[in-house]
Every structure is written in C-alpha cells, then in structure tokens.
Amino acid sequence: MKNKLSYLLGSMISNFGDGIQQIAIIWYIYHLTGQALSIGFMIAIYYLPSILITPFVAVYVDHHKSKNIVVTTDILRFLIVLGMSTLIFFKTESILLVYFLQFLLAICYTVYKPAEQSFIKESFSDKDIPFVISKSSSLNEVAVIAGSAVSGVFLIKLSLFSGFFINSLTFLIAGLFFFQVIRLNEKKVNHTKINYISELVSGCHFINKTAGMKYLLFLSILNSISIQMTTTILLPLAEIFKGRSGLYSLFDISFAVGGIISGMIVTFFLRHFKQKSIIFTMTGMAISSLLLYFNRMDLIAATFIFLLGLFTMSHLIITQTLIQLNSTKEYIARVVGLRTILASMVKITSALTTGILISKVGVFNNFLFFTAILFVSFFTLKGLKNVHLSQELT
C-alpha cells in the first residue's frame, strides 16, 4: 500500500505542476511577444524532442534503473522551472532563453514518460498494475484541472513568479515521493556500452513476435485521434451554438470529467470482461461521436462530450494496461517509446485534419468521420484473441 500511495501522490503532484505550467507558460510567452504565433512555436518546441529522440531514450531507459531516471528528471525539471521563475523575478525578458528552457523541459519530459512506465512495471505486480494505471489517470486529470485553476488565481491574485516557483517545487516533491517507492521486480542492468541501432532492432523484433502487441499499438491510435479531434473541435463547436468562453469551458470540463470517472470504473470492466472491454470502449466512442453529429442542442452536446471523454479515456487506460501486462520489464520502455511516437504523429495529423475538415465540410462532419473510422476498426477486433492477460487477472 505504501508503494501505491507514494507513486500516486508523486504522479498527482507532478501533474498538478503541469497544470500550473500549461497556463503560466502560455501567458508569459504571449506577454513577452504579443503574438499568438509564438505560442504555436512554443508548442512545436515541446513536441519536437518526443518525435526525434524517443527511440534512443527508450533504449537508454531499458538499460538503466528506471527509478533513478524518474527521480533525476524530476529534479532537473525542478531546476529548469526554477530557472524560469528566476528570469521572471529579475525581469529578464528574453524569449530565446524561455524557448531554450522550454526545450530542455521537453527533453526531460521525453525521458520521463518511458521511464515512468518502466518504473510502474518494476514497482508493481501484474495484479496491481491495472489499479495503479486507472487511479493515476483519474488523479492526474483532477490534478491538471486543479493546477490550471490555481495558475489562474496566481496570475490574478499573486504573481507570475509565484506560479512558476510553486510549479518548480511540485517536481521536487514528486521526486521525493518517487524516491520512496520500492521496486518489487527490479530489472537486471548490464553496465556495458549500448549499441542503440541493434537495441532498436531488438525492440522491433520483440514487438513483432509478441502476440497482440502490434494490435494494441493500433488500438492506442484510436484514443489519440479522439483526444486531439475533441481538443481541436470544442471551441468551433461552442461558437456554432453561439456560446462564448463559458460554453467552451463547459465542453472542456465535460470531457475532462468523463476522463476522471473512467479511471474509477475501468478496472472493474477489465477484471470482469478482460480484453472484451475494448469492444465496450470502441462502441461507446462510436455512439457518442455519432450522437454529437446529429445533436443541435448545446447542453445535450455537453452530455455527449462527457460520454466521449469517458469512453476515450477508458480506452486509453485499458490499452495502456494491456501494453504493460504484455511487455517485459526489459522492453517496456521501447514499446512505450514507439507508442509515444505514434501518438505524437497521430495527434499532429488529427489536429491538422480536423482543422481542414472544419473549414471544408463543417464541424459536425468531423464526428461522422471519426465514427466511420471506428466502424472500420471493428473489423479488426479478431486481433483481440492474440492479446493475453496475466493469470492473476483471469
């Protein structure tokens, strides 16, 4: 129980800091430049390392102690964000320096994500992994929302410096909690020179020969499409209903609340329906999206968006859990690394495609298009028979 509590608290506090950072960094960069383009550039900087260095990072993580990497990256993020707060405190307004620090923060995050998944694999039994992933998903969603709200209060009531400074402390506190986690299934580390190319090839062979792994990676693409499509479409949808920022916020909160509740219930379905839980989540996403296509009432739309968030995040949690359970601790980072690259590419493509479709065929047809993608995906469900679960869950 102590292991679970330490990990969940560390993860939640870290995500609380991310919520603060999301609002504060956008406000700060816009304050420095006065141009919306600078925000887009900042987002591009943050996603770039994920696409470029994830394969090599994943190999590195698989050959080193995941706990050390997680704690170290949190300490580095503490120092980087502390550096941002120092710039603000001394009124050093350099957009290039902020971009550079944001790039370093992105590199740390790119290292942190596969290391965190490897950390989970080493620290918990197969029986506990579904609980840890589902509960951390709910708590992290709540933490991000709370962090975003608190960041707004800091900007209004206190100062931008206070927001960045407190965010830096969240990474330090998270690292202290992670340090207390005891790894139950520590992987063996060989202190030899790593041949990254051969190890990447080895990772690809593992994915190729592991029954159902390629299909799980395919399934993970569906929730990435749903998340990015929804993120892109909520504001134009609110404008169609002649709503202002309040309606947009309602839509955004509805999707987030659906995600929070998914973490509370998905473990039950996974334990009772096993791999077939995927059928429920895909059906739920398809029906929710189709209802949004037909609906023309704003409050009803908020309800359907809540359902879309519920089934999308349930799908994400289940695929994450199944990937964890079907990977070994020696290869988990490389599997997660490939999933991260696929997710980043799909999110960028989905955002661009959604924007184009909105301008060409309107908002509602995006939901119909996504429903069609899910309908076609149902013909691949025979691949579920190759996905295995731990004996402790069956």
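## Charges over rings

Arg-296 lies over the face of Phe-364, at 3.6 Å from the ring centre. Arg-77 does something of the kind with Tyr-112: its charged end sits over the ring, 4.3 Å from the centre. To count, NZ of Lys or CZ of Arg has to be within 6 Å of the ring centre and within 35 degrees of the ring normal.

Bear in mind that this is a predicted model: local features need pLDDT of at least 70, side-chain atom pairs count only at pLDDT 80 or more, and totals for chains, interfaces and linings use all residues. Residues are numbered from 1 along each chain as its sequence is written, and side-chain values use heavy atoms, with hydrogens and water left out.

## Ring pairs

The count comes to 20 aromatic pairs, meaning rings of Phe, Tyr or Trp (its six-membered ring) with centres within 6.5 Å; planes under 30 degrees apart are stacked, over 60 edge-to-face, the rest tilted. One of them is Phe-89 with Phe-161, tilted at 5.2 Å centre to centre and 50° between the planes. That pair links distant parts of the chain, helix α4 (residues 66–89) and helix α7 (residues 160–179), with the two Phe residues 72 apart. Helices here are DSSP runs (H or I, at least four residues), numbered from the N terminus.

Tyr-112 turns up again in an aromatic cluster with Tyr-7, Phe-119, Phe-124 and Phe-178.
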